[in-house]
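Hello,

Here is the structure I promised to pass on to you, and below it you will find what turned up when I went through it. Please keep it open while you read.

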Amino acid sequence: MSDALSTARDLVSRSSRILALTGAGLSTASGIPDFRGPQGRWTQDPDAEKVSVLSYYLGDEDIRRKAWQIRATSPHWDAAPNAGHLALVELERAGKLSGIVTQNTDGLHLVAGSSPELVHEVHGNARRWRCEDCGTSGAMEQMRELVLAGDTDPRCPECDGITRATVILFEEMLEPDVLNASVALAEEADLVLAIGTTLTVHPVAGLVPYAFGHSARVVIVNNQETPYDYLADAVLRDPIEEVLPALVAPDA
């Protein structure tokens with residue numbers, strides 16, 4: 001066992017208010033590509049970023065059609081939670097996890113069995129749709145079936161308004177309730193596990209130094225350097241789906 005892993009395991013065992021911050025690296029282990037990495041969607045197709053900009057989405061029917069094709073064929077429909085997601089469920093069952101703040105929109109924490117009240121999806125959830133006009137919402141499978149059947153820009157069944165995923169788009173404000181809950185978790189945490197995130201996208205990235213300033217210890221599990229590695233007691237570069245089970249297993 002490496003020194004870093006041993007240190008991280010010791011911190012986990014001694015902590016009771018662990019905050020997990022999760023990013024795209026956790027989902028890539030389930031086969032969901034990230035956005036900005038070498039093989040990311042925006043890297044491969046720069047125009048794809050427009051589907052995540054509110055003004056483009058609302059004002060350009062072609063952009064909405066592209067967005068719906070991306071949603072309908074997204075890898076997350078075939079993705080399953082990996083061992084990293086399940087390790088966080090085990091951490092919750094052990095009574096050590098106070099919350100998960102995630103930048104991911106694939107909903108895999110909830111699919112894995114994490115309690116909904118502990119999961120704070122800062123950027124929303126792609127598994128739900130909402131009408132931009134009347135606010136009606138539902139499971140994304142409903143709209144996906146329409147798209148796969150040939151409806152390229154499905155409208156709201158209640159008011160014929162523009163529909164979308166319940167994902168926060170560029171030009172939109174993040175949900176205050178989610179942000180406030182995330183900040184409260186950072187204030188109360190005795191350990192922050194930053195998992196699969198480059199810690200460059202704010203405000204989530206800022207929770208690491210904020211929690212550190214409130215006396216939390218820090219463990220970072222990511223395959224690349226982050227701006228806050230210097231705050232961490234342990235930095236682990238090994239695959240997340242291997243590291244997280246080792247962190248929570250009682251006899252690793």
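A crossing of two helices is called left-handed if the near helix is turned anticlockwise from the far one by less than a right angle, and right-handed if it is turned clockwise. Please keep in mind that this is a predicted model.

With that term in hand, look at helix H5 (residues 61–72) and helix H8 (residues 140–148), which pack at an angle of about 110 degrees with their axes 9 Å apart, and whose crossing is left-handed. Angles of 65 to 115 degrees count as roughly perpendicular, and H5 and H8 are therefore roughly perpendicular to each other. On the H5 side the contact is made by Trp68, Gln69, Arg71 and Ala72, while H8 contributes Met140, Met143, Arg144, Val147 and Leu148.

Threonine 163, which belongs to strand E6 (residues 163–167), is in contact with Trp68 and Met143, among other residues, once its neighbours within four places in sequence are left aside. Threonine 163 is buried, with a relative accessible area of 0%, and its side chain reaches the backbone oxygen of proline 154 at 2.6 Å.

Turning to the nonpolar cores, the largest has 25 residues, of which Leu193, Val219, Leu236 and Leu247 touch the most other members. Among the elements that give two or more residues to this core are helix H1 (3–14), strand E7 (191–195) and helix H11 (240–248), and H11 gives the most, with 5 residues. Apart from this core lies another, of 24 residues, including Ile168, Ala186, Ala194 and Ala216.

Best wishes

Conventions
Residues are numbered from 1 along each chain as its sequence is written. This is a predicted model: local features need pLDDT of at least 70, side-chain atom pairs count only at pLDDT 80 or more; totals for chains, interfaces and linings use all residues. Side-chain values use heavy atoms; hydrogens and water are left out. A nonpolar core is a set of buried Ala, Val, Leu, Ile, Met, Phe, Trp, Tyr and Cys residues joined through side-chain atoms within 4.5 Å. Buried means under 20% relative accessible area, exposed over 50%, partly exposed in between (1.4 Å probe, protein chains only). Helices (H or I, at least four residues) and strands (E, at least two) are DSSP runs, numbered from the N terminus. A polar contact is a pair of N or O atoms within 3.5 Å; within protein, one must be able to donate a hydrogen and the other to accept it, and residues adjacent in sequence count only if both atoms are side-chain atoms. Contact means heavy atoms within 4.5 Å. Axes are lines fitted to C-alpha atoms, for helices over the stretch in contact, and angles run from 0 to 180 degrees between N-to-C directions. Angles under 35 degrees count as roughly parallel, over 145 as roughly antiparallel, 65 to 115 as roughly perpendicular and the rest as oblique.
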